[in-house]
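Hi,

Here is the structure I said I would pass on. Have a look, and my notes follow below.

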Amino acid sequence: MAYDEFILASQPNGAQRSAKRFWFRLLENFFRHKLLCIVPLLLIVGAGVYQASKVKAQYKSIGVVNVADNALLSSLTTQRGSDVASYETPSQATTRQINELLRTDQFTIKVLNASGMDRSATPSLDALLKVRSNVSAVSTGNRLLAVTATSSDPTTSFKLAQATINQFMQSVLDVQIKDSTEAAAFWSNLVTTYQAEVNAAEKATSDWIKANPAPAAGTLRSFDDQLQLQRLNDDITRAQAQVTDAQNKVQDANLLTQQSKSSVGEGLQVVDQPTTPTAPEPIKTKRALMVAIYLILGLLIIGSFVMISTLFDRSVRSAEDIRAACGLDVVATVPTVGELSGRGRRGKSKTKRPGSSLATA
């Protein structure tokens, strides 16, 4: 009864023994296949070192923009199609708008053209992706944001940062002056049309006077001639009034355009102009991080291989394996020993014989 009680008390440790046995076999499989583990790991780390060596030094150019409080901000901080404010600071709203514009082809092409990197109307996809990956805007405060451009060439970094700021300010200006510009063009076309009517009325009057010369001195024109001449003069006056009104409208639209430009200039002010960087950004950290990523990837692959090989390994190499596989108690084990060499024999070779285990149900 005492033996049975001891067996029952030791049963909860079965799972613990099984876990220890699994980790022991895991380590055993690793050392048995260490070449299959170490060589791929070295190859993967070597690939990481090679990729890290290809990382080039990058030059960063930064321009700081101040977003002032004016009517422009209301359109930036209110969600389109909604009367609810988006609860964004002026710099956050402007930063989001810049980054969204950089994802559009039209704006990116303008940046490329302004920077001089590519002046074609349809740049390659690679050029567009290069701008989008190297240029970004970051909010640095409630009203300040930084436009950053990174490139392997310091001059290119400067041109990209400068072109991005300029093109964004121009895009905001285009939106603000769109209505007034269209109005100015509309009324300018009407000025041309009305001036043509004035010229036509003046020609008609001149032709009529030539066809109906003034009577001799002291004699008045007939009543019908006076009415006809008055009608022609009224046509000239009416057409000239239309020209004058249209010209006033053009002036008003141009004035509104100038006011809009002034408003945008007050709303977006470049505090720090981008400059040409003189030194590259540190790359040691980036290279070390790349090597570390490849090292972790290699360890995960090797660990998965060892784990899978351990789970599918059904070989018996210890008494614990017999107990786990067959449920038998091991009575005794005989170790493998080399046969002792007799005296007088030459050579030091030893014959080994496999060990054996005795088990009983």
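How many residues does helix H9 have, and how far does it reach from its first C-alpha to its last? Helix H9 covers residues 178–211, which is 34 residues, and reaches 50 Å, close to the 50 Å expected at 1.5 Å a residue. (The expected span is 1.5 Å times one less than the number of residues; helices are DSSP runs of H or I with at least four residues, numbered from the N terminus.)

Before the rest, some housekeeping. This is a predicted model, where local features need pLDDT of at least 70 and side-chain atom pairs count only at pLDDT 80 or more, while totals for chains, interfaces and linings use all residues. Residues are numbered from 1 along each chain as its sequence is written, and side-chain values use heavy atoms, with hydrogens and water left out.

Back to H9. Its buried residues are Ser 180, Ala 184, Leu 190, Val 191, Tyr 194, Val 198, Ala 201, Thr 205 and Trp 208, and they pack against helix H10 (223–267). Buried means under 20% relative accessible area, exposed over 50% and partly exposed in between, with a 1.4 Å probe and protein chains only. Contact means heavy atoms within 4.5 Å.

There is 1 aromatic pair (ring centres within 6.5 Å, using the six-membered ring for Trp; planes under 30 degrees apart are stacked, over 60 edge-to-face, the rest tilted). Phe 186 and Trp 187 form it edge-to-face, at 5.3 Å centre to centre with 75° between the planes. Phe 186 is partly exposed at 46% relative accessibility, and Trp 187 is partly exposed too, at 21%.

Next, the crossing of H5 (residues 90–102) and H8 (residues 154–176): their axes come within 11 Å and cross at roughly 105°. Axes here are lines fitted to C-alpha atoms over the stretch in contact, with angles from 0 to 180 degrees between N-to-C directions. H5 and H8 are therefore roughly perpendicular (65 to 115 degrees; under 35 is roughly parallel, over 145 roughly antiparallel, the rest oblique). Thr 94, Gln 97, Ile 98, Leu 101 and Leu 102 in H5 meet Thr 164, Phe 168 and Ser 171 in H8.

Ser 115, in helix H6 (residues 105–115), is buried at 6% relative accessible area. Beyond its neighbours within four places in sequence, Ser 115 touches Lys 159, Leu 160 and Ala 163. Lys 34, in helix H3 (residues 34–53), is partly exposed at 42%.

Cheers

Methods
Helix = DSSP H or I, 4+ residues; strand = E, 2+ residues; numbered from the N terminus.
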